[in-house]
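Below is a short briefing on the fold of one protein chain. Look at the sequence and the structure before reading on.

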Amino acid sequence: MATAALQPLSILVVEDERRLREMLSAAFSRLGHAVTAVGDGRSALETTARHEFDVVLLDVALGEGPDGYEVCRILRARRETVPIIMLTARDAEVDAVEGLEAGADDYVTKPFGLLELRSRINAVLRRVRPHANGVVRVAEVELRRGARTVIVRGRPVKLTFSEFELLSRLLSDPGRAFNRQQLLRAIWGDSAYRDPRAIDVHIRHLRAKIEERPEEPRLIVTVPGVGYRFREP
Ligand code: CA
């Protein structure tokens, strides 16, 4: 297939509406990607236990069995770091935030265009596929960009895609205060305007993973009226 994407991905589509599921499968297959499509949460959990995917597109409302939030929470509890993009209903802001709370990296609101979804996926993958091999060490945190690993106080810590990008940006300039828009851009590039509250959710998750006492953060400091900074080295 001459028009295949340069880097074929393995994509898991979890959607109970048959037509949407088939539409997404067909569209991404045409682009040269390997698509696995399932119609309920239980199948999603089984499939992800057996196969590795580059990205998961996860609908919230899945009919019988676990819904999208539960699937997301279970995947994160299993320490799966695969990028997860939730498909949420229109005008459901609560849905979107709940998805992020559950550990999703991003969401698109239905009805969405394929172009929007593709740009979201590309934004994720541009960063997941390593291009730089830097190692950054600040305080008790060591971040290896190439290997996408983070070591805190001598122990490896598993971060999601968004958490990793956020930490990487903060560590790129320790002591500098970043506002939420800058941090959003660090995760998603300029592809879209995003919800700034997403940053607060990701920061909370990040603190829970890297701070000794997340309720009294010493590494990632809140800068009132601005956003966040990483402590000076
Ligand atoms: Ca659905």
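The notes that follow cover the chain as a whole, then its strands, then its packed helices.

The model is predicted. The protein chain contains eight helices and twelve strands. It has 233 residues, and 48% of them are buried. Among contacts between residues at least 6 apart in sequence, 59% join residues at least 24 apart.

**The five-stranded sheet**

- Strands of a sheet pair through backbone hydrogen bonds, either parallel or antiparallel.
- Five strands make up an open sheet with parallel pairing, and their order is β2-β1-β3-β4-β5.
- The edges are β2 (34-38) and β5 (106-109), each of which pairs on one side only.
- Neighbouring strands of this sheet are turned against each other by 20° on average, direction ignored.
- Helix α1 (residues 18-30) packs on the sheet and touches β1 (10-14), β2, β3 (55-59) and β4. The direction of α1 makes about 170° with that of β2.

**Strand β4 and its partners**

- β3 and β4 are joined by four bridges in the parallel sense. Opposite Ile-85 in β4 stands Leu-57.
- Strand β4 (residues 84-88) also runs parallel to β5, with four bridges between them. Leu-87 has Val-108 in β5 as its bridge partner.
- Is β4 mostly covered or mostly uncovered? It is mostly covered, as five of its five residues are buried.
- Ile-84, Met-86 and Thr-88 point one way from β4, while Ile-85 and Leu-87 point the other way; all are buried.

**Two hairpins**

- Strand β6 (residues 135-138) and strand β7 (residues 141-144) pair in the antiparallel sense through four bridges. Val-138 is opposite Val-141 in β7.
- The hairpin of β6 and β7 has two residues between the strands. Ala-139, in the turn, has a positive phi of about 50°.
- β7 also pairs with strand β8 (residues 149-152), in the antiparallel sense and over four bridges. Here Glu-142 stands opposite Ile-151 in β8.
- The hairpin of β7 and β8 has four residues between the strands. In this turn, Arg-148 has a positive phi of about 55°.

**Packing of α6 with α7**

- Two packed helices are described by the angle between their axes and the distance between the axes.
- Helix α6 (residues 161-171) and helix α7 (residues 180-188) have axes that come within 9 Å and cross at roughly 120°. This angle makes α6 oblique to α7.
- The crossing of α6 past α7 is right-handed.
- From α6, Phe-161, Ser-162, Glu-165, Leu-166, Arg-169 and Leu-170 meet Leu-183, Ala-186, Ile-187 and Trp-188 of α7.
- The residues in this contact of α6 with α7 comprise seven nonpolar, one polar and two charged.

**Packing of α7 with α8**

- At what angle do α7 and helix α8 (residues 197-210) pack? The angle is about 75°, and the axes are 9 Å apart.
- The two helices, α7 and α8, are therefore roughly perpendicular to each other.
- Arg-180, Leu-183, Leu-184 and Ile-187 of α7 make the contact with Ile-199, Asp-200 and His-202 of α8.
- In the contact of α7 with α8, four residues are nonpolar, one is polar and two are charged.
- Leu-183 and Ile-187 of α7 take part in the contact with α6, and Leu-183 and Ile-187 also take part in the contact with α8.

Terms used
Residues are numbered from 1 along each chain as its sequence is written. This is a predicted model: local features need pLDDT of at least 70, side-chain atom pairs count only at pLDDT 80 or more; totals for chains, interfaces and linings use all residues. Side-chain values use heavy atoms; hydrogens and water are left out. Axes are lines fitted to C-alpha atoms, for helices over the stretch in contact, and angles run from 0 to 180 degrees between N-to-C directions. Angles under 35 degrees count as roughly parallel, over 145 as roughly antiparallel, 65 to 115 as roughly perpendicular and the rest as oblique. A crossing is left-handed if the near helix is turned anticlockwise from the far one by less than a right angle, and right-handed if clockwise. Contact means heavy atoms within 4.5 Å. Ala, Val, Leu, Ile, Met, Phe, Trp, Tyr, Cys and Pro count as nonpolar, Asp, Glu, Lys and Arg as charged, and the others, Gly among them, as polar. Two strands pair if DSSP finds at least two bridges between them. Buried means under 20% relative accessible area, exposed over 50%, partly exposed in between (1.4 Å probe, protein chains only).
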